[in-house]
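My entries follow in the order in which I made them.

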Amino acid sequence: MAYNLRRGANLTIIDSGEMSEPFHNSEASTRLAQKIRNTLRGLVQRYAPPSIKRHLWNREFSTGRWTCLERTVGESVHLQVEKYANQGGILDLGCGPGTISVELNPETYSFYTGVDISDVAIQKARTRALEAGRGDRNEYCQSDILTYTPTRQYNVILCGDSIYYVANRQIVPMLCRYSTYLTKQSVFIARIFDVSGKLRHTLDIVESHFDVVEKHIHEQTQMCIIVFRPRT
Ligand SMILES: C[S@@+](CC[C@H](N)C(=O)[O-])C[C@H]1O[C@@H](n2cnc3c(N)ncnc32)[C@H](O)[C@@H]1O
């Protein structure tokens, strides 16, 4: 049989059933390749040395993969952060382009520190804070949250969709280290984008090692906001 390989003719052949197998095979191999890429990316984000993580996040911020973070959509942690900031300090671990730092009610906090592994995200956050007239109270620092050392005490330490980029076995030691920079009555707040699947374990880790002050799970999206503090 002679095949005409023009695009339209190709579609006809695929529809015949006889040729559908190779088509499905190529679709399946594309999906498999994507799955492998995502798995590798997840491993790099959690386990790679800081310089490689930094490179990966810088590339993704530079190529526009994360422009979606530049405005808040859906459920946000703003209300909880404003409630517990108590006119004091906020430390935002994995702040990205700093969206919450320019959206919070300025009357609810006196200083804010955003930390992120990506220089590109940090530069973006700094520029946005200056444009929003918050250069005096907001500061940003490029660092791995696993090793960053705060220089003051905070009322709120926020992990907005960033805690699960830390390997599970490092979550508790990291949070315990940061606990020493919380003032009395202060809290951690974490946002986890979907606790119905693999990220349920991240939530379990937090709940089994800390006192939960508040927890909200959005029924439809399964997005979780948890407020917690060190056990007394
Ligand atoms: C999904 S984004 C969330 C950004 C921001 N918190 C928000 O809610 O818009 C995750 C952020 O965590 C940062 N990140 C991931 N691993 C990190 C690490 N080990 N140290 C510091 N930042 C990290 C990424 O660069 C990225 O900006």
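Predicted model: local features only at pLDDT ≥ 70, side-chain atom pairs only at ≥ 80, totals over all residues.

Residues are numbered from 1 along each chain as its sequence is written. Helices (H or I, at least four residues) and strands (E, at least two) are DSSP runs, numbered from the N terminus.

I noted that the axes of α7 (residues 168–179) and α8 (residues 200–209) come within 10 Å and cross at roughly 35°. Axes are lines fitted to C-alpha atoms, for helices over the stretch in contact, and angles run from 0 to 180 degrees between N-to-C directions. N168, I171 and V172 of α7 meet H201, T202, I205 and H209 of α8 (contact: C-beta atoms, placed from the backbone, within 7 Å). I sorted this contact by class into three nonpolar, four polar and no charged residues. Ala, Val, Leu, Ile, Met, Phe, Trp, Tyr, Cys and Pro count as nonpolar, Asp, Glu, Lys and Arg as charged, and the others, Gly among them, as polar.

I turned next to α3 (residues 50–62) and α6 (residues 119–131), whose axes come within 7 Å and cross at roughly 50°. The two helices, α3 and α6, are therefore oblique to each other (under 35 degrees is roughly parallel, over 145 roughly antiparallel, 65 to 115 roughly perpendicular, and the rest oblique). W57, N58, F61 and S62 in α3 are in contact with D119, V120 and A121 in α6.

I then traced the open sheet of seven strands, which has mixed pairing and the order β3-β2-β1-β4-β5-β7-β6 (strands pair if DSSP finds at least two bridges between them). β3 (138–142) and β6 (210–217) are at the edges with a single partner strand each, so one side of each has no neighbour in the sheet. The twist averages 15° from one strand to the next. β1 (residues 89–93) and β2 (residues 111–116) run parallel and are joined by five bridges; G89 stands opposite F111 in β2.

Notes:
Contact = placed C-beta atoms within 7 Å.
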